[in-house]
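Visitor: I am new to reading structures like this one, and I would like to learn how to look at one feature after another. Could you take me through it slowly?

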Amino acid sequence: MLTKRIIACLDMDGSRVVKGVRFKNLRDAGDPAECATAHARSGADEIVLLDITATSGNRNTLLDAVRATARSLFVPFTVGGGIRQLEDAAAVFDAGADKIAINSAAVRDPALIGKIAGRFGSQAVVVAIDARKSQGSFEVFVAGGRVPAGRDAIQWAREAAACGAGEILLTSMDRDGTQSGFDCELVRAVAEAVSIPVIASGGAGSARDFIEVFRDGRADAALAASIFHFGLEDIAELKRELRDASIPVRWPC
Amino acid sequence: MIVIVDYGAGNLNSVKKAFTYLGAEIVVTDQPKMLSAADKIVFPGVGHFSSLRALDRSGLRGALLQAASTGKPFLGICLGMQWLFEGSEECIEVAGAGIFPGKCRQFPSSVKSPHVGWNSLTVQPGSRLLRDLAQDSFVYYTHSFHAPLVAATTAATEYGLQFAGAVERGNIFGVQFHPEKSGDVGLSILKNFCEV
C-alpha cells in the first residue's frame, strides 16, 4: 500500500539550518548534512533543503551544502530557493539533488516548469506555493512570502500541474512555524484540484496535526521543520502514532 | 567495473553515488563500445518512454541487447526496466527490448497518477536480486506507467492494481522503483547486484 510521506525540511540561511515563525525571527538549528542524516535515520521519508535567503551571492555556499548533504543520503532529496532558470536547476541536480523546488520563478515564467521537466523529468520538478487566506480564497505570495502574486492558489496549482510539475509543495503562510496545525482547508482544496501529489506544509505541531492533514486534508505527504529540529517530535514516534491511527506509513524504515 | 548507461534522460548522479558508496567501480558512459568492456550494466532512466528513442540514434540499443543476450548482469531501473518489456502505451512507436512479454500501461483512474512515494513489495522466493529482503519492505517509486505481472516477476506492488515491482530472468534484472533512493533496503538490493 502506498504510504503517506513524512518530509523533514531544512531551511538554509548561508551554510546553516535555521527556523523562523511566519517566515521571520530565525533561530539556528544546525549543520545541513548532519540534520539530514539524523532525520533520515529517525525515519524521514524524504529531505527538503530550502535556501530561504536565496541571494545570488551565496549560490556556491548552497551548492556545497547540497553536495555535502547528498553524499550520504539515500532517500529522495529536494532542493529549492533561488532557482530562476534551467541552468540553476542543472547546477543543483549536478550537486546531488533528486528534485528541485521552484516558486517565484515559476509564477513569473510558468514555461520554466516544462523546461526543467523536459530535461530532468516531471518527477524532478516540485512547484512550491506559498499561500495565505484572504477574503474566502487563498492568495499566492512570492519572494519568500513578501510579495502578493495576485493569483489564486488552487488555480495556480492546476496550471503548474498542467505545465509539467511532478508535485506541489503547499505552504500555508498563516500556519508556518506556529505549530498550530496544518491548514486542512487549503490542502484539501488543492489536493482535490490536481492529480499530482500534494505535500502539506506549515503548522505541524503534533501527531494529531499529521493525522488530520492526511485524513481531512487528503495530503499525500506532510512536511515539517521546527518540530523535528528542536526534538519536539521524534519522527519514529510520530510514525508509530500515525500507524496506530491506521494511516499507512513506511515502518520499519 | 559497472557501467551506467547515459542516454541523456535525467540525472544519473544518485545511481552513481549509491554504487560508489557500496565500493563499486563505476563508469558512466554514452559510448556503445564501453558496454562490451563492462562486467555489469546498469540501465537507469526517468521520464517519458519516448526518450528511449535516443538509444537507436546512438547505437546503444544494439549494444544493450547484445550485452543482455550474452548473460552479462544487467539491471534496468524505472524506465530502464520498462524498456525490458515489449513497449509502453506512453509511446507506442518506440519498441522495448521484448525480453519480458507485455506492454507498460497507465494506472486505473481509481488512483492518482503518477504513483509517487514509498510502497511495499510482495517478494517471491528465489530472487537473487532481492536476496534476504524482508517481506513487505518499502521502496521509493515515482512513475506514471507500470509493467504487467509476468512469470519473471519477483516482487509485486499494489497501486490500484498489482504490477511488477521487480523482474528477473537469468542475469537480467529490472526494478520499477528507485533502489538508489530507497534507504537501506535499496542499498541492500544494489549490493546484491554487485555480488551477482
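**Reading helices, strands and backbone**

Guide: Let us begin with a pair of helices in chain A: α8(A) and α10(A) are oblique to each other. The model is a predicted one, and the angle behind that description is roughly 50 degrees, with the axes of α8 (residues 207-215) and α10 (residues 235-244) of chain A coming within 9 Å.

Visitor: In which sense does α8(A) pass α10(A), and which residues of the two helices meet?

Guide: Two packed helices are described by the angle between their axes and the distance between the axes. Here α8(A) passes α10(A) in a right-handed crossing, and the residues that meet are Ala207(A), Phe210(A) and Ile211(A) from α8(A) with Leu238(A), Glu241(A) and Leu242(A) from α10(A). Sorted by class, this contact has 5 nonpolar residues, no polar ones and 1 charged residue.

Visitor: At what angle do helix α6 and helix α7 of chain A pack?

Guide: Helix α6 (residues 153-163) and helix α7 (residues 184-193) of chain A pack at about 35 degrees, and their axes are 9 Å apart. The crossing of α6(A) with α7(A) is right-handed. On the side of α6(A) the contact involves Ala153(A), Ile154(A), Ala157(A) and Arg158(A), which meet Leu186(A), Ala189(A), Val190(A) and Ala193(A) of α7(A), and the residues of this contact divide into 7 nonpolar, no polar and 1 charged.

Visitor: Now to the strands: in what order do the 8 strands of the open sheet in chain B stand?

Guide: The order is β2-β1-β3-β4-β13-β12-β11-β8 in chain B, and the pairing is mixed. At the edges stand β2 (26-29) and β8 (122-123) of chain B, each with a single partner strand, so one side of each is left without a neighbour in the sheet.

Visitor: How many bridges join strand β11 to strand β12 of chain B, and what is the bridge partner of Ala155(B)?

Guide: Strand β11 (residues 153-158) and strand β12 (residues 162-169) of chain B run antiparallel and are joined by 5 bridges, and the partner of Ala155(B) in β12(B) is Ala166(B). The hairpin of β11(B) and β12(B) has 3 residues between the strands, and in this hairpin Gly160(B) takes a positive phi near 80 degrees. Strand β11(B) also pairs with β8(B), in the antiparallel sense and over 2 bridges, with Thr122(B) standing opposite Ala156(B) in β11(B).

Visitor: Which strands make up the open sheet of 3 strands in chain B?

Guide: That sheet has the order β5-β6-β10 in chain B, with mixed pairing. Its edge strands are β5 (87-88) and β10 (145-146) of chain B, each of which pairs on one side only. Between β5(B) and β6(B), which run parallel, there are 2 bridges, and the bridge partner of Gly87(B) in β6(B) is Lys103(B).

Visitor: Where is a cis peptide bond in chain A, and which residue there has a positive phi although it is not glycine?

Guide: Most residues other than glycine have a negative phi, and most peptide bonds are trans. In chain A, a cis peptide bond joins Trp251(A) and Pro252(A), with omega about 0 degrees, and Pro252(A) lies in the segment after α10 of chain A. The residue with the positive phi is Ala143(A), at a value near 55 degrees, and Ala143(A) is found in the loop between β8 (137-142) and β9 (147-152) of chain A. In chain B, the peptide bond from Ser113(B) to Pro114(B) is cis, with omega near 5 degrees, and Pro114(B) belongs to the loop between β6 (103-106) and β7 (115-120) of chain B.

Visitor: How many residues does the contact take from chain A and from chain B, and what pLDDT does chain B average?

Guide: The contact takes 25 residues from chain A and 27 residues from chain B, and on the side of chain A that touches chain B there are 12 nonpolar, 6 polar and 7 charged residues. Where pLDDT is low, the predicted coordinates should not be read in detail. Chain B averages a pLDDT of 95, and 100% of its residues score at least 70, while for the complex the predictor gives an ipTM of 0.93 and a pTM of 0.95.

Terms used. Residues are numbered from 1 along each chain as its sequence is written. Chains are lettered from A and ligands numbered from 1 in the order in which they are written. This is a predicted model: local features need pLDDT of at least 70, side-chain atom pairs count only at pLDDT 80 or more; totals for chains, interfaces and linings use all residues. Axes are lines fitted to C-alpha atoms, for helices over the stretch in contact, and angles run from 0 to 180 degrees between N-to-C directions. Helices (H or I, at least four residues) and strands (E, at least two) are DSSP runs, numbered from the N terminus. Angles under 35 degrees count as roughly parallel, over 145 as roughly antiparallel, 65 to 115 as roughly perpendicular and the rest as oblique. A crossing is left-handed if the near helix is turned anticlockwise from the far one by less than a right angle, and right-handed if clockwise. Two residues are in contact if their C-beta atoms, placed from the backbone, lie within 7 Å. Ala, Val, Leu, Ile, Met, Phe, Trp, Tyr, Cys and Pro count as nonpolar, Asp, Glu, Lys and Arg as charged, and the others, Gly among them, as polar. Two strands pair if DSSP finds at least two bridges between them. pLDDT is the predictor's confidence in each residue, from 0 to 100.
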